[in-house]
Amino acid sequence: MEKKEEKREVEMISAKEIRDKYLRHDMMPHIFCTGCGIGNVLDYTLWALEKEGLDMDKTVFLSGIGCSSRLPGYIDVDSLHTTHGRALAFATGVKITNPELNVIVFTGDGDCMGIGGNHFIHACRRNIDITVIAVNNYIYGMTGGQVAPTTPEGDYATTAPYGNLEPAFDMSEMAISSGATYVARWGVKRPNQPINSIQEALQNKGMSFVEMMSPCTTAYSRQNRMGSIEEFWDWYDNKTILAEDHERIKQYGSEEEKEELKDKIKVGVLHKEEKKSLSERIQELIEEVQV
Amino acid sequence: MIELNEEYCKGCNLCIVYCPRDALEPAEELNEKGIHPPVEVEDRCNGCRLCELICPDFAITVVEKDEEEE
Ligand SMILES: Cc1ncc(C[n+]2csc(CCOP(=O)(O)OP(=O)(O)O)c2C)c(N)n1
Ligand code: SF4
Ligand code: SF4
């Protein structure tokens, strides 16, 4: 039932109308490599903005540095393209000083978990009312494929020619344990779930984190021999499992099924909780002390 | 029925691969950019709009047949 309803909503407006409304056509075609999923993350975000009906005059996008951090530049909206890893620090400032704004951050796994890791955990801890859309391609794409804190152990990178020895961070788990109140992870291959999730993230009054697993068809693919664009995109289907299925197998599955879980990445809405955001609490405090 | 923006298309072929109706195929000829952009196979598209969403490059628009003729 629910699915049908969602589909009808998406179909109400044409892709052309969405693109003409939100895209900076003068910046297109975008810079992303052939088969890179970052363009899809942008597309799904535009659909979510439209479904949610956000006022673009009251919305600001921020990003750091990286291929994924180029995204705000393609949207016809005010944005801050900040320094590497620091988008969340700027976003915190924007939201606290002007709580009426919808604040949305695009970041990459390197930008968010590497150089920006400290800002990330504290933005989650403070539960600031912002939406973070993180493109996780498991590598530093823009600079040519260096190992990231998210690169799985054993994967290859220009700085890990014999395979990565370091254990990887799970961005979504990190967001949950640091205090974010809405956390979801999806692959780019299936459009409808991420569109709905980004919409839910925009609705949540607190720190929302949506991790988008996205193929880097140049730097990551070349190092790790992911094959054709099609093979790389299909890899996500074999590698991921819905969080509900994961839970069911963990409880009732056979030993064999449980063994298979070890290699799988959970996708879905991973965490949801109601908690007052710091931005709201600061506003309340201001009103209280002004009286 | 699909409309292609050839300036935006980079030739990833994802629309061709994932179309559930095999309604798209690579053009025989290379275009100016050196790629084989998708072309529509006649009378197969059911207007599901998957290609529109899966295209990373905002290059495909699915239009109703009568919309096209107007
Ligand atoms: C202070 C600073 N250090 C290093 C860099 C170089 N640099 C630019 S992008 C980048 C990594 C980006 O990786 P990620 O955030 O995963 O984005 P992707 O390009 O993969 O989308 C690095 C290290 C920089 N621009 N600034
Ligand atoms: S280098 Fe990788 S992440 Fe960057 S645009 Fe190319 S495919 Fe995408
Ligand atoms: S709209 Fe659906 S059926 Fe038509 S070409 Fe696109 S993917 Fe194929």
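Is A:Phe120 buried or exposed, and what is its relative accessible area? I looked this up before anything else. A:Phe120 is buried, with a relative accessible area of 0%; buried means under 20%, exposed over 50% and partly exposed in between, with a 1.4 Å probe and protein chains only.

**Ground rules.** I am working on a predicted model, in which local features need pLDDT of at least 70 and side-chain atom pairs count only at pLDDT 80 or more, while totals for chains, interfaces and linings use all residues. Residues are numbered from 1 along each chain as its sequence is written, chains are lettered from A and ligands numbered from 1 in the order in which they are written, and side-chain values use heavy atoms, with hydrogens and water left out.

**Aromatic pairs.** I searched the whole structure and found 7 aromatic pairs over all chains. Rings of Phe, Tyr and Trp (its six-membered ring) pair if their centres lie within 6.5 Å; planes under 30 degrees apart count as stacked, over 60 as edge-to-face and the rest as tilted. A:Phe32 and A:Tyr74 are edge-to-face, because their ring centres are 5.8 Å apart and their planes stand at 65°. This pair links distant parts of the chain, 42 residues apart: A:Phe32 is in the loop between helix H2 (15-22) and helix H3 (38-52) of chain A, and A:Tyr74 in the loop between strand S1 (59-63) and strand S2 (78-81). Helices (H or I, at least four residues) and strands (E, at least two) are DSSP runs, numbered from the N terminus. A:Phe32 is buried at 3% relative accessible area, and A:Tyr74 is buried at 2%.

I then returned to A:Phe120. Its ring and that of A:Phe209 have centres 5.0 Å apart and planes at 50°, so the pair is tilted. A:Phe120 lies in helix H6 (residues 117-126) and A:Phe209 in strand S6 (residues 208-213) of chain A, 89 residues apart. A:Phe209 is buried too, with a relative accessible area of 0%. I also noted one aromatic cluster, formed by A:Tyr220, A:Phe232, A:Trp235 and A:Tyr236.

**Ligand 2.** A:Phe32 is also one of the residues around ligand 2, including A:Cys33, A:Cys36, A:Cys67 and A:Cys216 (a heavy atom within 4 Å). The shell divides into 6 nonpolar, 4 polar and no charged residues. Ala, Val, Leu, Ile, Met, Phe, Trp, Tyr, Cys and Pro count as nonpolar, Asp, Glu, Lys and Arg as charged, and the others, Gly among them, as polar.

**Ligand 3.** I counted 13 residues around ligand 3, with B:Cys19, B:Cys45, B:Cys48, B:Arg49 and B:Cys51 the closest. By class the shell has 9 nonpolar, 2 polar and 2 charged residues.

**Backbone.** I checked two kinds of exception. Most residues other than glycine have a negative phi, and most peptide bonds are trans. The peptide bond from A:Met28 to A:Pro29 is cis, with omega near -5°; A:Pro29 is in the loop between H2 and H3 of chain A. B:Asn13 has a positive phi, near 70°, and is found in the loop between strand S1 (2-4) and helix H1 (14-18) of chain B. B:Asn13 counts as partly exposed, at 29% relative accessibility. B:Phe58 has phi near 55°, also positive, in the loop between helix H2 (50-54) and strand S4 (60-62) of chain B. B:Phe58 is buried, with a relative accessible area of 2%.
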